[in-house]
Amino acid sequence: MAKKGVLRITGNTAPQTGEKAFYKVTEWYPDTPANERNESLITWELFRKRENGKFTTTHIKKKVGEFTFGKDAWQYTYRVEGYLDKPEGKEPMSIIVQPQKNKQQAPQKEKDILGVKLTFQDGTPVNKKLSYRDRLLATAKCQGLEGEPIFFTLWEDDEKGDGHNKKNQSVVKSPPVLVDSQGYARWNFTLLNTYIAIANQREDDKKQHEYYVTAEYNGKIKASDNANADNPEYKAPSTPHKPAGGAKPQPNPDSPKGSTRPHSPNNQPDKKGVITQVKLTDKNGKEFTKNPKFGETIIVHIESKNLVGKKYILKIWEHDMVGNNDLLYNHEHTFLADKINLSMPLTAAMQKTGELGNDKKNPDSGEYWKGGQQEIFAEVILLNISSKSQTIDVDIMEEPKPQNNGNTATGVKNQPKPEQKSTCICQEQYKDLIWGGAVSCEFRKKVIQISKRAGIDPNNLMAAMAHETGGTFDPACGTFKKKKDETAEGYVGLLQIGKDAATDLKITRTELLAMDQIKQLDYIEKYLYLPLVRGKLNTLTDFYLAVLFPVDCGKGNQPNHIVFDNSLPISYKNGKAIKNLNYWRNVGYAANPAFHKEAKEEGKTYVWEIAENIKKWYDKGKLNKVQNFSCQNVQNTKPESPTTNKWHDPVDNPICTLYMQSGNGGKGTSGEHWGLFGKTRNGSKHQGLDLFVVPGSNVYACVKGVVHKVKWHSGYGNTMTIKITDKESFFNHRRDYSLLYPSNGEISQSDNFDKTKDIFLFYAHLEEVLVEENVEVGAGKVIAKSGVSGVEKGTCAPHLHFEIFSTVYAVGMGLNYRCNPGFYVHFKAPNEQSQNELNLQKETAKTKIKNLYGKK
């Protein structure tokens, strides 16, 4: 077919920064029809040269040939190209542009963060103790950072002294937040109950937690003032019981213990087998080769079985060869996990107790003061005063339950047994869900479950559905039901699904119209994972943008971002409007008059106008919480079994690798596509998808099947192949994945991948295989532990290698019989990964891990 379109363009190849540069078409391919030789039909795209020498798009596309290069653009090389259908990436239809520094530009202010302020989300100052579930706003005032991303971090202050200390406990980090045109960046967050456990990791006997927020840009950090929150798990330490007859306290002979001396008799296992290990190490986690000194810090390692949430007393003793053991530390704690690591400073006060003993009036004649070396050991006493309750879902909105203040187990046991009442599950767990009074118990429960899986605030989801249905939550509401024409525009349901969204969801609006609320929620959940909104639902406004104008989802924290603008030009082809982004931004303004809130309306709709609108529905929801509870009894309600799911990603929170086995790579390099499917390794083949995962993590069966083969392979290590038996669920799960790096060799599938044949899933580099051949597995079944097996020289990029193929065994067949796993695994692309996830990959890549054969 003869080429048509743009053959040659001209324009300014050395423009001054800050000034407009113009480009135009000077020659067309000879076979370009006359009616297409129209510059209004041209797309002008800007590309930037990267460190590897290749040009990649800046995602700046225009319908007119003009660009204004920013103040820092002189440091880079660009390519401008005009095209009808798609860019060709070469001259003369594109030209190379090297912007020049404009010396007349105002001197650039030094980039800096001037200060951080912490308030409630309504702007009122934090002048009282915080409560868990308070909604807070961190605001950073910046200089010279307009349009740049910064990061906020919430910290719990454990260290002494004022200001930020890197040794403090990091609680949660924001996604990138852009600084607005006025120099402000804002981050909305909620002080969740789940942060209690994080804050208590170092010391769970603190009466209150101190929080502050930092803002960071390229290593520059500013911190807000501290704000206090009461610790709901705090329990005042009880006064030590003084033994009768003046005897000094001594360790219980039957309790589990661990000593700084490996062969000491004070290393004693738990005779009941519930506490599996008590161990003391130095601050780096290494066993002691010599006794610690006072002034140093030791780590107490405690491992247990099924004790999370229960209380225990931790005692630290100094062992005397002469006289009694001295009690240095005696506090009550909570098991926050099966494995606990507590930092324990050996303080000056402990030293004094070790020298004199616990009774100052009768000092020890012990050996420490004589210059001998002391032995330190830990004792763990389980406060076993409660039996196991029935299993119930735990909700992040639940208030901490007041604790029984009885001092003895006997006192608890002798209390009269209260009459058992039938308690509604909503009253126990979902009573604070906004708009809960407008829906059923089943609806409330499903919204919470969806929100947990997606990692979102269920109140924001409820507010969005209330707004779209006018507070009715009617699954049939909307304009579609009037004409029921699938070829025309029209909206239906809880989130007003339109024509394009229904196509993305692989469902018709007619089918959605026929569904009840509960069934339609399944498609609401699928909507949350569509590429335009997945991972971007950070604020209440983002939820509404996900429905109103999904391309702007994720910009809810940019109040001055323009969503609709009726001044944008609309292009035409053959007399019909071209429905591109400019078109929808233009017509969206007139279609949404509810957002016209400027004092002098200027034809633009800003994010702040949309935020005000959805906030009203959120506030209305607070007045519509459920009041009368009449649903099922909590003990009759069982949590949804994960094995009933029809699909489970191969690892938790799948993210694509950014680094190579050597440690080279990282964001912005070829490492971004090194682990993708196709000829993505500088033209070399990669047969699957590499998902970064810490060795020892769970690996899951994705869909129902039978373990077909378990085998060790050179280069792959321990592998498992599963033959899919539920192909319907497998293909129904296929998503609309857009290839991330087609120009770097990523492909959709090989020509001979045949979905009519048996489909197999292949897992490689496993540390340990947990399921034998010929065993049936369901979606979500833990089948293995991830590792680095098969890599002879070791790797700096631990990952799960995952393949999908349609032949009995495809190892050694290159790309043949394979498809791109990206169409099935909901993994995070490089630009979707949080800063914590990027940092984890970066830090991991600094160390080579070697375990060729995994766990034998």
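**Entry 1: overall make-up**

I counted the secondary-structure elements and found 16 helices and 39 strands in the protein. I note that the model is a predicted one. I then looked up burial, and buried residues make up 46% of the 856 residues. The protein exposes about 43800 Å², of which carbon and sulfur atoms supply 49%. Next I turned to contacts between residues at least 6 apart in sequence; 67% of them join residues at least 24 apart.

**Entry 2: the nonpolar cores**

Which residues touch the most other members of the largest nonpolar core? I found Phe-443, Met-462, Met-465 and Phe-473, in a core of 56 residues. Among the elements that give two or more residues to this core are α5 (441-454), α6, α10 (517-528) and α13. The largest share, seven residues, comes from α11.

Leaving out residues up to four places away in sequence, Phe-443 touches Met-462, Met-465, Phe-473, Leu-494, Gln-517, Ile-518 and Leu-521. Apart from this core lies another, of 35 residues, which includes Val-651, Tyr-741, Tyr-763 and Phe-802.

**Entry 3: helix α13**

I followed helix α13 from residue 607 to residue 622, which is 16 residues. The distance from its first C-alpha to its last is 23 Å, close to the 22 Å expected at 1.5 Å a residue. Which residues of α13 are buried? I listed Val-607, Glu-609, Ile-610, Asn-613, Ile-614, Trp-617, Tyr-618 and Gly-621. What covers the buried residues of α13 includes β9 (135-143), α6 (458-469), α11 (540-548), β24 (562-565) and β27 (604-606).

**Entry 4: cysteines**

I asked how many disulfides the model holds, and the count comes to zero. Cys-142 counts as buried because its relative accessibility is 3%, under the cut-off of 20%. Cys-796 also counts as buried, at 6% relative accessibility.

**Entry 5: Gln-496**

I located Gln-496 in the loop between α7 (480-483) and α8. Is Gln-496 buried or exposed? Its relative accessibility is 16%, so Gln-496 counts as buried. Its side chain reaches the backbone oxygen of Cys-477 at 3.1 Å. Leaving out residues up to four places away in sequence, Gln-496 touches Glu-468, Cys-477, Gly-478, Thr-479 and Tyr-491.

**Entry 6: His-765**

I found His-765 in strand β35, which covers residues 760-769. His-765 counts as buried because its relative accessibility is 6%. With residues up to four places away in sequence left out, its contacts include Gly-715, Tyr-716, Asn-718, Ser-786 and Val-788. Two further histidines, His-799 and His-801, are also among its contacts.

**Entry 7: Ser-684**

I ended with Ser-684, in strand β30 (residues 684-686). Ser-684 has a relative accessibility of 42% and therefore counts as partly exposed, a class that lies between 20% and 50%. Leaving out residues up to four places away in sequence, Ser-684 touches Gly-678 and Lys-679. I also looked up its separation from Trp-674, which is 10 residues apart from Ser-684 along the chain. Their C-alpha atoms are separated by 9.7 Å.

How values were computed
Residues numbered from 1 in each chain as written. Predicted model: local features only at pLDDT ≥ 70, side-chain atom pairs only at ≥ 80, totals over all residues. Heavy atoms only, no water. Helix = DSSP H or I, 4+ residues; strand = E, 2+ residues; numbered from the N terminus. Expected span 1.5 Å × (residues − 1). Buried < 20%, exposed > 50% of the residue type's maximum accessible area, 1.4 Å probe, protein only. Contact = heavy atoms within 4.5 Å. Disulfide = S-S within 2.5 Å. Core = buried A, V, L, I, M, F, W, Y, C linked by side-chain atoms within 4.5 Å. Areas by Shrake-Rupley, 256 points an atom, 1.4 Å probe, with all protein chains shown as cover. Polar contact = N/O pair within 3.5 Å; in protein donor to acceptor, adjacent residues only side chain to side chain.
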